[in-house]
Amino acid sequence: MQSNLTFHNISLSNVTEMRKIQSYSNVTHDFWYEYHCMTDWKEYSFLCYLDDICVGSLVARFKNKTSNLYIMDFDVALDYKRMKIGSRMMEHLKEIASKISKISSITLHVWTSNEAAVNFYKNQNFEIVAQLDNYYYEYQPTTAFVCEFKIKRDTNCLKDCLLFWSNEESQSL
Ligand SMILES: CC(C)(COP(=O)(O)OP(=O)(O)OC[C@H]1O[C@@H](n2cnc3c(N)ncnc32)[C@H](O)[C@@H]1OP(=O)(O)O)[C@@H](O)C(=O)NCCC(=O)NCCS
């Protein structure tokens, strides 16, 4: 079933699908948020389709002056949970991040009582690096975990780059 999964940028033609998916986790939508999903966060944000049904949405942003890709929202539609769709989406994000040299980690906040999500991130090899009290004003307890996944770069690719640069340098001498 999962072989039919495809990933699509968020655009004017599908942004309403994102609203439907995210309504499961009570995200407040506004034009500011949707504008960024379609512009400066576009590279790192996507919708996931199973055939022609939108089953997931992931929004991430890159903060300048950091090397960190931050997940703003991540949801799988209610009827499609626990089918490894979230795992495939996270692998897709990791693949995007691994191709962008300025990104060295993916981070996020998760409510400490969100058992499904905490387990999911552990399963995806995220590490809990901090615990913040009074982070969520809308939930009790108000505590969040900060989770981090460090991007592993392909060392062969690094070797190729070094070789390329040393060749360039010797040619310019
Ligand atoms: C968290 C979420 C995105 C996971 O997506 P998913 O497609 O259901 O997850 P997967 O099927 O890929 O699960 C992979 C693993 O994560 C863990 N996991 C996922 N859901 C779980 C649950 N309800 N309870 C316990 N562990 C769970 C399991 O280890 C699972 O592997 P297994 O099924 O072989 O045991 C989904 O539950 C969701 O949309 N939650 C609501 C929104 C949310 O909390 N987003 C994260 C905010 S930080």
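I looked up burial first: buried residues make up 20% of the 173 residues in the protein chain. I counted a residue as buried if 20 or more other C-beta atoms, placed from the backbone, lie within 10 Å of its own.

I noted that this is a predicted model, in which local features need pLDDT of at least 70, side-chain atom pairs count only at pLDDT 80 or more, and totals for chains, interfaces and linings use all residues. Residues are numbered from 1 along each chain as its sequence is written.

I then listed the secondary structure, which comes to five helices and seven strands. Helices (H or I, at least four residues) and strands (E, at least two) are DSSP runs, numbered from the N terminus.

The seven strands form an open sheet of mixed pairing, in the order 1-2-3-4-5-7-6; I took two strands as paired if DSSP finds at least two bridges between them. Strand 1 (5-8) and strand 6 (127-132) stand at the edges with a single partner strand each, so one side of each is left without a neighbour in the sheet. Strand 3 (residues 53-62) pairs with strand 4 in the antiparallel sense over seven bridges, and Val59 has Asp73 of strand 4 as its bridge partner.

Finally, I examined the ligand. I found 20 residues around the ligand, with Lys81, Gly86, Ser87, Ala116 and Asn119 the closest; a residue is near if its C-beta atom, placed from the backbone, lies within 6 Å. Helix 4 supplies the largest share of this shell, six residues.

Key:
Buried ≥ 20, exposed ≤ 12 C-beta atoms within 10 Å, placed from the backbone.
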